[in-house]
Amino acid sequence: MSALWAAAGLAALLELDGDSLGQFGLARPIVVGPTLGCLLGAPATGLMFGIVLELLALGELPVGGHVPLNATIATAASLIVALGGRGPDGSAYALLAAVPFGIAFGALRGALERPLRALRGRLSSREGGLGAALAGALCAQAALNVALLSAAVLLRPGQGALPDERVLVALQRLLWLTPWLGAATLLHALRARS
Amino acid sequence: MKALSRRLWLLQAGWDYRLMQGAGFSWALKPALGAERAKRHLEYFNTHPYAAPAIAGMVCKLEEEVVAAPEAERAALIERLHGLKRACASAFAALGDALFWGALRPGCAALALVAEQLTEAVAGAAALGPIEALGIALLYLAAFNRIALATRRKGLALGLESGAALVAKVQEMRVQDEIRQLRGLGMGLAAAGVALMAWNSGPGQRLAALAATAAFWAALRWLPRASTTRLYAASALAALAGAWAGWL
């Protein structure tokens with residue numbers, strides 16, 4: 001359990017590299033996945049989730065004012081669920097539910113980017129220096145990430161009664177389809193443009 | 001300039017809808033220009049984050065020219081500086097997006113995919129331990145940052161050296177040709193990666209896998225307003241509907 005909290009904390013900090021601090025690629029799913037996977041004792045699962053979510057995230061570009069799905073939070077939340085260890089009956093379900101759960105959290109974090117940007121605007125218009133405003137903005141972003149990923153740890157599926165068998169079948173089919181959607185997104189991202 | 005270079009790492013820390021990167025850009029310029037002149041740059045500014053160092057270098061060079069000019073000419077030079085800054089920001093935003101988000105990032109993702117799928121094909125999925133997993137992550141980071149870090153470092157130097165001639169210098173570099181080459185290389189890697197995925201998925205599933213990929217690609221290419229997230233949501237709903245109806 002402590003490994004899950006450590007993974008949530010680490011992912012919350014790595015997410016800052018995505019747009020706000022450095023932008024060295026440390027927040028990309030292909031990096032976050034294996035890192036958290038190693039921390040949680042399943043590097044292969046981490047790598048596979050990282051690659052699939054990296055490919056899916058290629059379809060979400062931060063151009064203009066568009067706020068894409070937050071791929072770092074999506075990856076972290078997916079791995080928290082997949083490797084969260086809720087017991088033998090729950091763990092198979094957790095693996096199936098991981099990516100949809102992660103994407104939902106990634107989308108939620110993307111939606112919360114708007115109020116975060118509004119807060120940054122208020123911070124930078126205050127007296128007290130831009131340095132303090134930027135530091136405050138980073139702290140607010142980190143706090144938001146920690147709150148979201150803590151919620152992911154606490155709310156992760158796989159505990160209690162399993163859902164209807166038909167939901168499990170649907171999740172199995174979706175899990176099979178997801179890497180191929182990633183493959184299509186990769187090919188589409190690299191298409192030649194006139 | 002080292003302080004400027006490091007401060008540009010926080011270019012987007014204060015991104016908001018009014019100034020966009022303006023707060024981060026102004027803060028980054030402070031060690032080079034001083035508080036008063038840096039405050040003049042607390043205005044709307046938005047460009048590709050890896051192109052910002054080149055513009056910062058240009059601004060520093062032009063600010064030196066303002067200081068060296070007679071008092072009567074300064075206002076006109078300052079107006080020219082801000083105009084050039086805005087023009088470069090727009091031009092480099094489009095170029096940076098095409099190079100880094102449109103070519104380099106997917107190309108590096110394709111490289112990581114090929115590395116992972118090759119490892120799986122040759123040694124089996126069980127061979128993917130922590131060293132292999134972190135090794136592939138490092139491969140991605142090395143490939144991406146080789147170009148990204150060089151662009152930031154050399155961009156700052158180029159801006160400082162070129163000043164107002166920055167745009168002409170960048171045009172000479174024929175970046176569009178580089179983008180086309182990167183995209184071509186990336187597409188080759190992507191095709192290899194997808195072929196390996198199909199190979200690794202086993203004989204009974206290859207056709208279905210390739211059909212699914214083609215269908216998704218066609219949807220992304222031709223359906224208006226199609227996006228990866230929307231296709232994922234649609235797939236989830238279709239899977240649920242199919243399972244509920246007993247078709248799956």
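**Exercise 1. Sort the lining of the second largest cavity in this predicted model by residue class.**

Solution. 
Step 1: Take the class counts. The lining of the second largest cavity has five nonpolar, four polar and two charged residues.
Step 2: From chain A come Asp19(A), Ser20(A), Gly22(A) and Gln23(A). From chain B come Leu8(B), Trp9(B), Leu10(B), Leu11(B), Gln12(B), Pro49(B) and Arg152(B).

**Exercise 2. Find how many cavities of 30 Å³ or more the whole structure has, then describe the largest cavity.**

Solution. 
Step 1: Count. The search of the whole structure gives two cavities of 30 Å³ or more.
Step 2: State the volume. The largest cavity holds about 60 Å³ of space.
Step 3: Name the lining. Leu56(A), Glu60(A), Leu69(A) and Ile103(A) line the largest cavity, along with Thr228(B), Thr229(B) and Tyr232(B).
Step 4: Find the main contributor. Helix H10 (residues 228-244) of chain B gives the most to this lining, with three residues.
Step 5: Sort by class. The lining divides into four nonpolar, two polar and one charged.

**Exercise 3. Describe the area buried between chain A and chain B.**

Solution. 
Step 1: Interface size is often given as the accessible area lost when the parts come together.
Step 2: Give the value. About 6300 Å² is buried between chain A and chain B, and carbon and sulfur atoms give 73% of that area.
Step 3: Pick out residues. On the chain A side, Phe24(A), Trp180(A) and Leu190(A) lose the most area to chain B, together 12% of what that side buries.
Step 4: Count the residues in contact. Chain A supplies 66 residues and chain B supplies 70 residues.

**Exercise 4. Which polar links cross the interface, and which helix gives chain A its largest share?**

Solution. 
Step 1: Look for polar contacts. Eleven residue pairs are in polar contact across this interface, both residues at pLDDT 80 or more.
Step 2: List the elements. Those giving two or more residues to the side of chain A that touches chain B include helix H3 (29-39), helix H6 (88-111) and helix H9 (165-189) of chain A.
Step 3: H9(A) provides the largest share, 19 residues.
Step 4: Sort this side by class. It has 41 nonpolar, 13 polar and twelve charged residues.

**Exercise 5. Explain what the salt bridge of Glu15(A) and Arg109(A) ties together.**

Solution. 
Step 1: Start with the total. The count over all chains is twelve salt bridges.
Step 2: Check the distance. In the pair Glu15(A) and Arg109(A), the closest N and O atoms are 3.6 Å apart. The cut-off is 4 Å.
Step 3: Glu15(A) sits in the loop between helix H1 (2-14) and helix H2 (16-19) of chain A, and Arg109(A) sits in helix H6 of chain A, so the pair ties together parts 94 residues apart in sequence.

Note on methods. Residues numbered from 1 in each chain as written. Chains lettered and ligands numbered in written order. Predicted model: local features only at pLDDT ≥ 70, side-chain atom pairs only at ≥ 80, totals over all residues. Heavy atoms only, no water. Contact = heavy atoms within 4.5 Å. Buried area = accessible area lost by both parts, 1.4 Å probe. Polar contact = N/O pair within 3.5 Å; in protein donor to acceptor, adjacent residues only side chain to side chain. Helix = DSSP H or I, 4+ residues; strand = E, 2+ residues; numbered from the N terminus. Nonpolar A, V, L, I, M, F, W, Y, C, P; charged D, E, K, R; others polar. 1 Å grid on protein atoms, 1.4 Å probe; cavity = no way out; pocket = protein on both sides within 12 Å on 5 of 7 lines; lining within 4 Å. Points joined across faces, edges and corners; volume = space filled by probe spheres on them. Salt bridge = Lys/Arg side-chain N within 4 Å of Asp/Glu carboxyl O.
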